[in-house]
Amino acid sequence: MMENKIKQTGKAKLSIGSDDYELPIYEGSMGAPGIDVRPLYKNSGHFTFDPGYTSTCSTESQITFIDGAKGQLLYRGYPIEQLADKSDFLEVAYLLIHGELPSKSQDKKFKETITQHTMLHDQVESFFHGFRRDSHPMAMMTGTVGALSGFYHDDAHTTEDEARDMAMHRLIAKIPTIAARCYKYSIGQPHVYPNNELSYAENFLRMCFSVPAEKYKVSKTIVDAMDKIFILHADHEQNASTSTVRLAGSSGANPYACIAAGIACLWGPSHGGANEACLNMLREIGTVDRIPEFIARAKDKQDPFRLMGFGHRVYKNFDPRSRVMQKVAHEVLDELGLKNPVLDVAKELEKIALEDEYFIAKKLYPNVDFYSGIVLSALGFPTSMFTVLFALARTVGWISQWNEMLEDPSQRIGRPRQLYTGPTARDYTPISKR
Ligand code: SDX
């Protein structure tokens with residue numbers, strides 16, 4: 001079980017009319033304190049109002065911490081730069097779920113367990129054939145992951161540790177197989193079964209890019225880059241898709257259905273869909289001399305256009321993941337001997353935007369999605385697969401957060417309230433009188 005560790009460090013005083021209220025202030029180990037408003041409605045008859053949750057903590061969590069001002073991202077206290085440099089994705093998955101880096105024996109056992117579940121139930125195959133070939137891979141991934149809830153009934157008992165562990169292991173193990181299957185189906189190639197002798201990242205690359213007619217070889221640089229990209233995308237506090245998974249899970253819903261809900265939310269262009277939108281934008285810009293035109297559009301309030309891959313709700317300084325991703329972009333392009341004009345446009349766009357008053361004033365910096373599209377495209381993925389890869393990696397974060405929520409003694413079903421501005425009570429008017 002999770003142990004709640006927030007400590008009361010003070011009191012907030014609130015005056016409403018002639019009444020005064022005191023609300024406890026809690027603090028965690030890092031980050032801003034929070035005012036506990038749980039008693040507010042019962043004591044004062046007032047709600048708080050915070051659409052978009054810009055000033056609202058939805059939960060206590062001990063998994064990931066972001067300091068937006070410092071550009072800091074920690075997974076269970078470890079800086080993302082160190083994990084990207086020294087760890088591997090399955091070790092990071094273990095860390096996010098269990099809270100500590102695994103010992104040699106724990107690491108070996110965890111990797112063996114995951115490896116035992118990489119194959120899909122053969123009947124899942126028929127789900128893919130129900131999709132049109134040109135269906136977006138995210139549509140296939142959302143549908144197929146949700147469908148797994150029809151195959152693994154034992155895992156649904158979220159109150160039992162063993163069932164929860166099995167669901168987590170199955171999801172981590174099968175999500176690359178499903179992601180690769182979505183890709184192969186969309187290009188009309190036969191799907192490739194997992195090969196359990198390969199590492200997680202190499203197995204995924206092989207399921208995506210090998211064909212039965214040829215031997216498949218991939219360089220260590222490319223495998224390491226794929227693994228690093230998964231690490232960078234693994235978790236990120238209570239972002240929109242993680243909050244979706246938590247809210248779905250708070251009702252006790254089936255874990256596969258909860259993760260499918262997270263995949264659906266991540267698909268949006270304001271969230272995980274930004275990597276696909278960003279590369280499409282960079283391609284539309286095309287050449288460095290067209291950058292000023294797009295910067296002007298991004299600043300024009302009348303124009304809905306936004307610079308995709310820029311801005312973040314939390315990071316008001318650089319996104320540490322975009323710096324690692326930029327380095328990976330160079331490593332991959334150098335390894336493949338690719339000259340990618342889009343990378344030149346991206347670097348020039350970043351330089352111009354970071355010197356522009358509008359972006360400085362609004363603290364808009366490149367986020368994780370700004371360079372990821374360039375790397376993924378260089379690795380051979382079509383833009384339609386970019387968010388699928390984000391969802392593959394983020395599945396580890398989603399299940400870690402889902403598991404923590406179920407182990408949190410203070411957890412209750414999520415049920416926000418509202419400020420209602422619709423019609424006041426009125427009587428039904430018969431159609432003859434309308
Ligand atoms: C991810 O939450 C997470 O952690 C998400 C994520 C994760 O790992 O889970 O980090 C992954 O989703 C990264 C973000 C990817 N999205 C994009 O790159 C899409 C482009 N960015 C924006 O749509 C926007 O910046 C958001 C959605 C990322 C953040 O939105 P906010 O915090 O609600 O900020 P906002 O929309 O209120 O913008 C504040 C101001 C606005 O101007 P004003 O109304 O104050 O005048 O900044 C402007 C916006 O118009 N602005 C931009 C801009 N982003 C914000 N202007 C131009 N281009 C942009 N990209």
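## The second largest pocket

Helix 3 (89-98), helix 7 and helix 18 (386-407) each put at least two residues into the lining of the second largest pocket. Helices here are DSSP runs of H or I with at least four residues, and strands are runs of E with at least two, numbered from the N terminus. On a 1 Å grid over the protein atoms alone, a pocket is an open set of points with protein on both sides within 12 Å along at least five of seven lines; a cavity is a set where a 1.4 Å probe fits but cannot get out, and lining residues have an atom within 4 Å of a point.

This is a predicted model, where local features need pLDDT of at least 70 and side-chain atom pairs count only at pLDDT 80 or more, while totals for chains, interfaces and linings use all residues. Residues are numbered from 1 along each chain as its sequence is written, and side-chain values use heavy atoms, with hydrogens and water left out.

Back to the pocket: 18 residues line it, with Gln62, Arg76, Ile97, His98 and Glu407 nearest its centre. The space inside is about 390 Å³, a volume being what probe spheres set on the points fill, with points joined across faces, edges and corners. The lining splits into 4 nonpolar, 5 polar and 9 charged residues. For these classes, Ala, Val, Leu, Ile, Met, Phe, Trp, Tyr, Cys and Pro are nonpolar, Asp, Glu, Lys and Arg are charged, and the others, Gly among them, are polar.

## The cavity

There is 1 cavity of 30 Å³ or more, and the largest cavity holds about 110 Å³ of space. Helix 7 (residues 161-187) gives the most to its lining, with 3 residues. Among the lining residues are Leu120, Asp122, Arg181, His191 and Met207. By class, the lining has 6 nonpolar, 3 polar and 3 charged residues.

## Around the ligand

The ligand has 24 residues around it, the closest being His236, His312, Arg313, Arg321 and Arg394 (near means a heavy atom within 4 Å). That shell is made of 9 nonpolar, 8 polar and 7 charged residues.

A backbone N or O atom of Leu307 sits 2.8 Å from a ligand nitrogen atom, and one of Ser270 sits 3.0 Å from a ligand nitrogen atom. Arg306 has a polar side-chain atom 2.9 Å from a ligand oxygen atom. On its own the ligand exposes 1,000 Å², and the protein buries 77% of that (Shrake-Rupley areas, 1.4 Å probe).

Notes: A polar contact is a pair of N or O atoms within 3.5 Å; within protein, one must be able to donate a hydrogen and the other to accept it, and residues adjacent in sequence count only if both atoms are side-chain atoms.
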